[in-house]
Amino acid sequence: MMIQTYLAQRQLTKYRLSKLSGVPYATVSDICSGKAQLEKCSAQTVYKLAKALGVTMEELLSPEPAGRPGFELFKSSVCHRLRQMGDLAFILHTLENREIRAYYERGWYPESLYLLAMLDYISRVNDVPLTAEYEDLRRCRLKDTLYPSGVLALCAAAQNDLAKKEAAKQAIPEFIRFNIVESEVRDVI
């Protein structure tokens, strides 16, 4: 069940989730034990739990993925979380839940480095000092450059790589350092 996964990733107890969300402990406990189905809870309950966990309602309600979600979906989710939480809350949330390290240890390097790049970028624009916790990961770099799907589509349509070169020039430095081309993290729909 996804709620158990999110609790583990964020190192939260059911009790703490109850307090953060305002959802009664008995309800949280019933959901986690399988006595109650999250899908049958009120929208307000799902919203409160999702907000406390820093995920969208859709993410919370989605079944446990068999594998990892697509990278474009992951990026979109992170950008939406930033937009929903605001810069400083996003920084605190990302540092507290240790998702960056969890993704890295799982071998999900693009996700780990994307989230670290986002953390570093948002820290820079808000004059927040970088955490030393991820210095080892800041020395990593993806073997192959990751481009947004829109850029890849433009290259395919034009039958050349000009869009890739232009996108790389405009990439945010914190992302391109990891070989991830990203130029816009705030204008998400």
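Modeller: Let us start with phenylalanine 175, which touches Tyr114, Ala117, Met118, Tyr121, Ile180, Glu182 and Val185, leaving out residues up to four places away in sequence; a contact here means heavy atoms within 4.5 Å. Please keep in mind that this is a predicted model, in which local features need pLDDT of at least 70 and side-chain atom pairs count only at pLDDT 80 or more, while totals for chains, interfaces and linings use all residues. Residues are numbered from 1 along each chain as its sequence is written, and side-chain values use heavy atoms, with hydrogens and water left out.

Biologist: Which residues touch the most other members of the largest nonpolar core?

Modeller: Those are Tyr114, Met118, Phe175 and Val185, in a core of 27 residues. A nonpolar core is a set of buried Ala, Val, Leu, Ile, Met, Phe, Trp, Tyr and Cys residues joined through side-chain atoms within 4.5 Å, and buried means under 20% relative accessible area, against over 50% for exposed and partly exposed in between, with a 1.4 Å probe and protein chains only.

Biologist: And which elements give two or more residues to this core?

Modeller: They are α6, α7 (87-97), α8 (99-106) and α9, and of these α9 gives the most, with 9 residues. Helices (H or I, at least four residues) and strands (E, at least two) are DSSP runs, numbered from the N terminus. There is also a second, separate core of 18 residues, which includes Leu12, Ala50, Ala52 and Leu53.

Biologist: Switching to rings, how many aromatic pairs does a search of the whole structure find?

Modeller: The search finds 9 of them. Rings of Phe, Tyr and Trp (its six-membered ring) pair if their centres lie within 6.5 Å, and planes under 30 degrees apart count as stacked, over 60 as edge-to-face and the rest as tilted. In one of these pairs, phenylalanine 71 and tyrosine 114 have ring centres 5.8 Å apart and planes at 90 degrees, which is why the pair is edge-to-face.

Biologist: Where do phenylalanine 71 and tyrosine 114 lie in the chain?

Modeller: Phenylalanine 71 is in helix α6 (residues 71-85) and tyrosine 114 is in helix α9 (residues 109-125), so that this pair, 43 residues apart, links distant parts of the chain. Phenylalanine 71 is buried, at 18% relative accessible area, and tyrosine 114 is buried too, at 0%.

Biologist: What about tyrosine 103 and tryptophan 108, are their rings stacked or edge-to-face?

Modeller: Their centres are 5.8 Å apart and their planes are at 15 degrees, so tyrosine 103 and tryptophan 108 are stacked, and both residues are buried.

Biologist: What lies over the face of tryptophan 108?

Modeller: Arginine 106 does, at 4.4 Å from the ring centre; a charge sits over a ring if NZ of Lys or CZ of Arg is within 6 Å of the ring centre and within 35 degrees of the ring normal.

Biologist: New topic: how many disulfides are there?

Modeller: The count is 0, where a disulfide is a pair of cysteine sulfur atoms within 2.5 Å. Cysteine 32 is in none, and the nearest cysteine sulfur, that of cysteine 41, is 10 Å away. Cysteine 32 is buried, with a relative accessible area of 11%, as is cysteine 79, at 4%.

Biologist: Which residues other than glycine have a positive phi?

Modeller: Most residues other than glycine have a negative phi. Glutamine 159 has a positive phi of about 55 degrees; this residue lies in the loop between α11 (149-158) and α12 (162-169) and is exposed, at 74% relative accessibility. Asparagine 179 has a positive phi of about 75 degrees, and it lies in the segment after α13 (173-176), where asparagine 179 is buried, with a relative accessible area of 9%.
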